[in-house]
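Subject: Handover of a structure for your review

Dear colleague,

Please find the structure that I am handing over to you below. I would be grateful if you could look through it together with the notes that come after it.

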Amino acid sequence: MEETPAWGSDAWGASGEWLAPREARPGLSLSSVLNELPSAATLRYRGPGVLPCGALEEQDEDEEGNIQAFVGATQKELQESCPSRELPWPMQARRAHAKRHTWDQVANGSGSRAAHWARVLRRSREKMREACCTLQPWAWTLKRIGGQFGAGTESYFSLLRFLLLLNVLAAALKACMTLLPTWLEGTPPGPPSTNISSPCGSYNPSSQGLIAFHTQLFNLLTGQGYLEWSPLFYGFYPPRPRLAVTYLCSVFAIGLLCLLLILHRSVSGMKQTLLAESGALTSYSHRVFSAWDFGLRGAVHVRLRQRTILYELQVELEEAVVRRQAAVRTLGQEARVWLVRGLLNLLVLALLGAACYGVFRTTEYTVELQENSFVQQTPLLKLLVNYLLSIFIFLVNFVLPPVFKLIAPLEGYTRSLQIVFILLRTVVLRLASLFSLLFSLWTQITCRGRGNAKAKDCKTCGYNYEELPCWETRVGQEMYKLLLFDLLTGLAVSLLIQFPRKLLCGLFPGALGRLAGTQEFQVPDEVLGLIYAQTVVWVGSFFCPLLPLLNTAKFLLLFYLKKLTLFSTCSPASRTFRASMVNCFFPLVLVLGLAISAVPVLCSIFLIPPSKLCGPFQGQPSIWAQIPESIYSLPQATQNFLFFLGTQAFAVPLLVISSILMAYTVSLANSYGRLISELKRQIETEAQNKVFLAQRAVALSSANGAL
């Protein structure tokens, strides 16, 4: 018969590592072609006892030998003791193998009772996990949001549900460790009398006589009056040793619990993030051939998925264009780009510095206005002055983020990096404004930067007792006002801007409707608002113990408000937000917010003396001084153990063990990295197999007319 001429090396693609194929022999079958693959594992992929495609087409000696070799390999696989999940078979073949293996164990009596109970325990744990997933609140709502508006919008509501869980746990801890001990040890005393003389002044927050309605409303919005001496704030709790210990321990317990839950959430989403950001899943072939979900139902969901895939391809192409332009830049163009980036970053730093300085000056100006007699006599003006700082922080956070969005495209980064820089700058702006507020309050409490007379007065009690006789309650009131103002602005924006804008677009479809424009749910801004609100709660939970409970109610209302706004006024985004960034970036921002909130709380505990006229730590040189006194009241064995935890004999072995565990973790991560590299090379080999099969099919078709 006629032989097929040998193919040149050009027919095999650009890779020089592949061997040139042998000349096609007469009557060459598909099974013999499969034997020549770079990886022969394809012969066994279909499962045990299933012949490869084309194995029965011809019955020559070569074919019979290949079948015998295939059967031998199958029998060898069946005799191996590896688990079914590790076999290179389809799911049905794995299940059949596992069932057969279980029957063999029962027949031979080789299955141990411990292994049986281990399997039962594992299955029970899996069923409990599935039951817990079904009991999660708003599970169906989140699926509906993800199906209609994309995974990015769903991630916002998922984060809101997670923060709601944190606040529920924090409120429960505060109730058990603060409120319950307060009432179990007796009725809390009332506010201090004005007749009591003290070197640190007097403090009487209770109002006398008949109170007008506008004063009641003012007290509700500012936390003063009847709310100032209530379980809502620090000053209400009496100076009892056990209560002081539980009060302080509740703060550390809440911080540790939040840290562990945030780390667990970030680690659980790390696998999906790494896979989503890896090159294997962001390639064009994955988007074209594997990104479609054949379980979608409904024209709306189908169009949304089409739009999502279109956006992902558009992002890939845009970033490829940017990278290609960056690769061909000359030295002068590269220098010009870096000069523009440097100038823009200097502009961003100047804006951030101006915002922080404005917050600092607004705090001092607010204190001066509150002492004005005209302001004190005008209720509306007094309320405006009390909320002046919150209004200024809101305006800063409202004006500067759009400026950051205009700056980002000028820096020449890809779309993904632009989003990261916008988010980072917005996060720094929000947290820096909050930190500036706390710093300005710290200067007022400690009389730093003030006149010599006031600085000398502060040395008497260690804090500014004339203006702030109960400074912890004052800090709690500021955090309370920030939380309340954030809720009121969210309601105002939804009811007064978003809903009328939607009605305007529906009633006037012409030029006026186009001017109003369609609304899109801005996931980055909304998520950063959540993180900012949660940071305020973490700061204020020490000074306002019921603030987590108030934030729980706020987040419940916010969830239903945002859900109504989403389905009533918003349309699916033209550029959906990547959910992988949420799984990686926002937990890190939460940890950053928790770390920043810990700074003022720890400074208050260790550095600033507590108020002498209010709170559970009256008469102590510092808030932390109550802990050593409580330890000395314990039995001697317990004292020795607790003091041993602070010695070098405990710290050095702990450091050594931590270093060993860290080295083990690093080596384990390196081994996983090598395994990932091996799997990537295996994927490349499988791609070479497909090219090899396609070229062999062309060769056989040209030789025999048909395969």
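The following paragraphs set out what was found.

Please bear in mind that this is a predicted model. The protein chain has 707 residues, of which 38% are buried. Its secondary structure consists of 25 helices and two strands. Of the contacts between residues at least 6 apart in sequence, 74% join residues at least 24 apart. The accessible surface amounts to about 39700 Å², and carbon and sulfur atoms account for 65% of that area.

Leaving aside residues up to four places away in sequence, Leu482 touches Ser390, Ile393, Leu434, Leu437, Tyr532 and Val536.

The C-alpha atoms of Val428 and Gly593 are 10.0 Å apart, although 165 residues separate the two along the chain.

On the surface, Phe252, Leu602, Phe606, Leu607 and Trp624 form a nonpolar patch with about 470 Å² of accessible area together. One of these residues, Leu607, is located in the loop between α22 and α23. With a relative accessibility of 63%, over the 50% limit, Leu607 therefore counts as exposed.

Turning to charged pairs, side chains of opposite charge can pair when their charged atoms come close. The structure holds seven salt bridges. One of them joins Arg474 and Glu478, with 3.2 Å from N to O. Both residues lie in helix α18, four residues apart, or about one turn of the helix, and both are buried. Arg474 and Glu478 are also linked with Lys481 in a network of salt bridges.

Another salt bridge joins Arg681 and Glu678, whose closest N and O atoms are 2.2 Å apart. These two residues are three apart in helix α25 (residues 648-704). Arg681 counts as partly exposed at 42% relative accessibility, and Glu678 likewise at 45%. A further salt bridge is formed by Glu334 and Arg329, with 3.7 Å between the closest N and O atoms. Glu334 is partly exposed at 26% relative accessibility, as is Arg329 at 23%.

Finally, an unreviewed UniProt entry carries the annotation "transmembrane region" for several spans, including residues 380-400 and 536-561. In the model, residues 380-400 are 95% helix and 0% strand, with the end C-alpha atoms 28 Å apart. Residues 536-561 are 77% helix and 0% strand, and their end C-alpha atoms lie 21 Å apart.

With kind regards

Conventions. Residues numbered from 1 in each chain as written. Predicted model: local features only at pLDDT ≥ 70, side-chain atom pairs only at ≥ 80, totals over all residues. Heavy atoms only, no water. Contact = heavy atoms within 4.5 Å. Patch = residues over 30% accessible without salt bridge, like charges linked within 9 Å, V, L, I, M, F, W, Y side chains within 5 Å. Areas by Shrake-Rupley, 256 points an atom, 1.4 Å probe, with all protein chains shown as cover. Salt bridge = Lys/Arg side-chain N within 4 Å of Asp/Glu carboxyl O. Buried < 20%, exposed > 50% of the residue type's maximum accessible area, 1.4 Å probe, protein only. UniProt positions renumbered as here; feature names shortened; annotations may be inferred.
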